[in-house]
Amino acid sequence: MDYDFSSIGTDGFERMAQTLVVAALGNHVKPTGVGRDDGRDCYFNGPVSYSGVTGPWDGYGVVQVKHRARDSDTTTNRQWVRTQISSELKRWKPQHGKRRDKRARIPAYYLFVTGATLSPEGQDDCLAFLREKCAEIGIIDCDLWSRAEVSRHLDKEPGIRQTYLHIILPGDIVEAMRNGAGEQHALLAMHLSVGALRELGERQWARLSDSGLQSEERLRLTSVAVDLPCAREGTTDQSQGILRTAVALGERDLRPSESNQYTGILLKGGPGQGKSTIAQLLCQFYRSAFVEDSPALLPKQRELLKSTATAVSRLGLETPVRRRWPVYVDLSKFGDSLASDEGQSLLSYIASSTQIQGQTMHEADLIRWRNVWPWAVVLDGLDEVAHATIRERVSSAIDDFITDCRMSDANVLFLATTRPQGYHGELGGLDLDELSLHSLGPQQALEYGKLLASTRYDDDPIARNRIVERLEEASESALTSRLMSTPLQVTIMSTLLEQATRVPETRHALFDAYYSAIYSREQAKASRLGEILTKYRLVVDFLHEQVALYLHIQAQYAGRAESLLDSARLAQLIAYRLRLDEHDERDARRLADEIITAARNRVVLLVGKHDNLLGYEIRPIQEYFAARAITSGSEAEIYARIEKLIPGAHWRNTLLLAFGRLETHTNPQVPLALVSLCAQADSASPLSLEVGPGRRLALFLLADSFAANVPRLRRALLKQVLDVLAHWPDATIPQLQAVLSAEIEQDSTSRAIVQQALITAITGGSPSIAAACAVLVPWQRARQGRGTLANFVLAQDQRWRATPADVQVHVDAGGALRELISTNDLTPTERAVLENVLLRFGQWAYRSGVPLATLGAVTRQPLQTGPALPEEILRSDRVTGRLLDALNAILPPDGDLAQILREQLIAVKEGLPASANELIADSVLALLDAGSDR
């Protein structure tokens, strides 16, 4: 069979050759690791199943593998092989009277393996040359495998051949499978290629076109593709492109047997930072690579492949050589599926989502395919699975799937995405490299804005140059450049600058202006919808706000992560709002029907999805309108809603937008009242005192530049945030570091506040010392500001330097907690709830003896994660109290256990859903719930 070794790479060819040698010579052959090998890629001592000119080989032997990266003509290859032989054998030959290295033991047998193509004459010549050089240094027998011999051994070893089939058989995948794995696999490859082509076409458009851009303006995802900066949390690593990182990881052989440190990436990013876009782009890159050699491509499909190749080249990347089969899983939809079928596996869900001629695939087919071809599995949007029980099921299903892949020694690349808010290590311990997207710098934001402008106004240089000039001005302003830190913000900014020369200065104002711009554009159209939008702005505003709030509430519950609203209920909501303005019933229904009919696929930013259902394509847009709904009404109503939402991670971005809207309230007491609400949230219960929902929100408010021009409010929030230093460190440490770093540069007063809080912590108890070290130790080597502060504070107390005991691993966190908890006066029901909690913790592992100085390091992966805590503990103050007592009783050597317990208490507090009855008027809720299964 004709194999192509040019794409396999040096390491890949070496591993494949080692495996073939072991298969041919027997298990006495020992492969060495990839890399520096002192002339030995394999070696053996004793008899092997191989014979040469001197008879069977029995003794010390060495195998050397040399990859020819670019196979050339046979004459050139012959000279190259001879050069390599001379270079490798000279290590055993004294040079100019020098003594040979004692470590270089001369073998009795020598096998030279290469993928270079040699003619029969070239093979004979190189073998004769090899024998001559071996004889000079006392090697008894030798042999040479060139491309023909390596190919012959591959033909004899179907298992090895299938492992490397995707990379050594060039051309069409279907034909490669037919030649290398048989007709059944070829048929499967054909069906999957058809599916990949269909997905390539269906998912080619950027989602921003569904969020208010003109309906005729469809931007191809690859046309506006950018590689976003990322790095590991809590490290000083230089940022790198996430696509470059993922593709580079995907080029490795990720079978567990290859002992890779990571088999995938967990990508964390905030709202609008581009997590899902990156996920889609990676899938498009692999879809393109998967089908690019198909002989049956249509012209439009070839154009799609050309567009993808252009994007790959523009980003400085190369088309993946390992043509992984891409699998995209929307985790919110998978969660909804698990809500109705608890026993469903991720593999069965992938099978049910993969169509072959109108029929879903069988799991057995996917397993067979996974055994012969590498995959790239994208798990997008863990944060959108808000319901705690369903999130646990999703995490467990992912865990099971990855474990199954490992047990099968499957070559699978994983990319999972989530927001950092509300993530509590659910995917820890799964060999995923945790990376966080960085904000775009001014220059990166400007480059992306230029790309958007050139793509959208390719045929209008005047408009393109005008937008670019305004973007340049905005990027140079300290106030507006911080509103260009994500791809979504740059997209919104460029849209606004089509008409306006002045840009907003807060994130909420940015969304506000965007909505107004899109509304004006739709309003100006010469259509019945344009006329309706002009006359009924308040009605349309109400529609956007109430639908967004309702859908965001629904997304908290099991089976409703992808919440949508049907047009019938939407019409009822419109009619209800019109009746409030005293339109009669007949007119209200007529106008409601007109709006629904005229809107067709979109009412400004409310998008038609499928089956007569509507929703918001991009979650930050939904959160913006939900924030408007929350902040509508009397001040008392607003405060009551906010108070209910402060604990929930699901609502954090919505609250940031809500606070941004209220920041400029006409009543100057409103912003001050908002700060007070954060403080009150922390004193609501003993659990709140420990978890600090208000502190956590205050931290994100500071990061979001809330009250940037009101020092009194910022310092009040800063003092509240610094209370976190009284507790064991948690996952917000990276955010805390970023905020405190900015605050100490703000002014001398803020710096003094931060410094005093850190001194109090470093001279306090063990939790405080660990929290302070988590902030300060990474700063020690920083220049000036942070470094000076860190070293000054750490010098105030030396206990953090205490010599640690030996670090030991414990596999039953529940057993350790059980020893700290008394159940004497608990009721049977309370004991049952507590026992459930301890059994869950029994699946967690922790370390003892971890130094306080490194305890809060966020770079460490959890050893072993267990299920989340049940919501029931929040209904029992006495059970919660016992857990808090245990937390306070944990001794410093078991600080890791304390962190795990505290993180899980935070998770259960943040995961409690808010009630629709507390957020939406009864009359409106009745309409929205009508016909639903709520």
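The sections below cover the chain as a whole, its nonpolar cores and a surface patch.

## Overall form

The model is predicted. Its chain contains 40 helices and 20 strands. The C-alpha trace spans about 105 × 70 × 60 Å along its principal axes. A compact globule of 934 residues would have a radius of gyration near 30 Å, and the value for the chain, 32 Å, agrees with this.

Of the contacts with a separation of 6 or more, 72% are between residues 24 or more positions apart. Buried residues account for 56% of the 934 residues. The chain exposes about 38,800 Å², of which carbon and sulfur atoms supply 48%.

In soluble globular proteins, nonpolar side chains tend to be buried together. The largest nonpolar core here has 201 residues, and Ile642 and Leu725 have the most contacts inside it. Helix α21 (residues 537–554) contributes the largest share of this core, ten residues. Apart from it lies another core, of 85 residues, which includes Tyr109, Leu200, Leu347 and Val385.

Beyond its neighbours within four places in sequence, Leu725 is in contact with Leu736, Ala757, Leu758, Ala761, Pro767, Ser768, Ala771, Ala772 and Val775.

## A nonpolar surface patch

Which residues form a nonpolar patch on the surface? They are Leu187, Met190 and Val194, with about 260 Å² of accessible area together.

Val194 belongs to helix α7, which runs over residues 183–202. Its relative accessibility is 49%, so Val194 counts as partly exposed; a residue counts as exposed over 50%.

Key:
Residues are numbered from 1 along each chain as its sequence is written. This is a predicted model: local features need pLDDT of at least 70, side-chain atom pairs count only at pLDDT 80 or more; totals for chains, interfaces and linings use all residues. Side-chain values use heavy atoms; hydrogens and water are left out. Patches are made of residues with over 30% relative accessible area and no salt bridge: like charges are joined within 9 Å, nonpolar side chains (Val, Leu, Ile, Met, Phe, Trp, Tyr) within 5 Å. Accessible areas come from the Shrake-Rupley method with a 1.4 Å probe; for residues, only the protein chains shown count as cover. A salt bridge is a side-chain nitrogen of Lys or Arg within 4 Å of a carboxyl oxygen of Asp or Glu. Helices (H or I, at least four residues) and strands (E, at least two) are DSSP runs, numbered from the N terminus. Buried means under 20% relative accessible area, exposed over 50%, partly exposed in between (1.4 Å probe, protein chains only). The radius of gyration is taken over C-alpha atoms; the globule rule is 2.2 Å times the number of residues to the power 0.38. Contact means heavy atoms within 4.5 Å. A nonpolar core is a set of buried Ala, Val, Leu, Ile, Met, Phe, Trp, Tyr and Cys residues joined through side-chain atoms within 4.5 Å.
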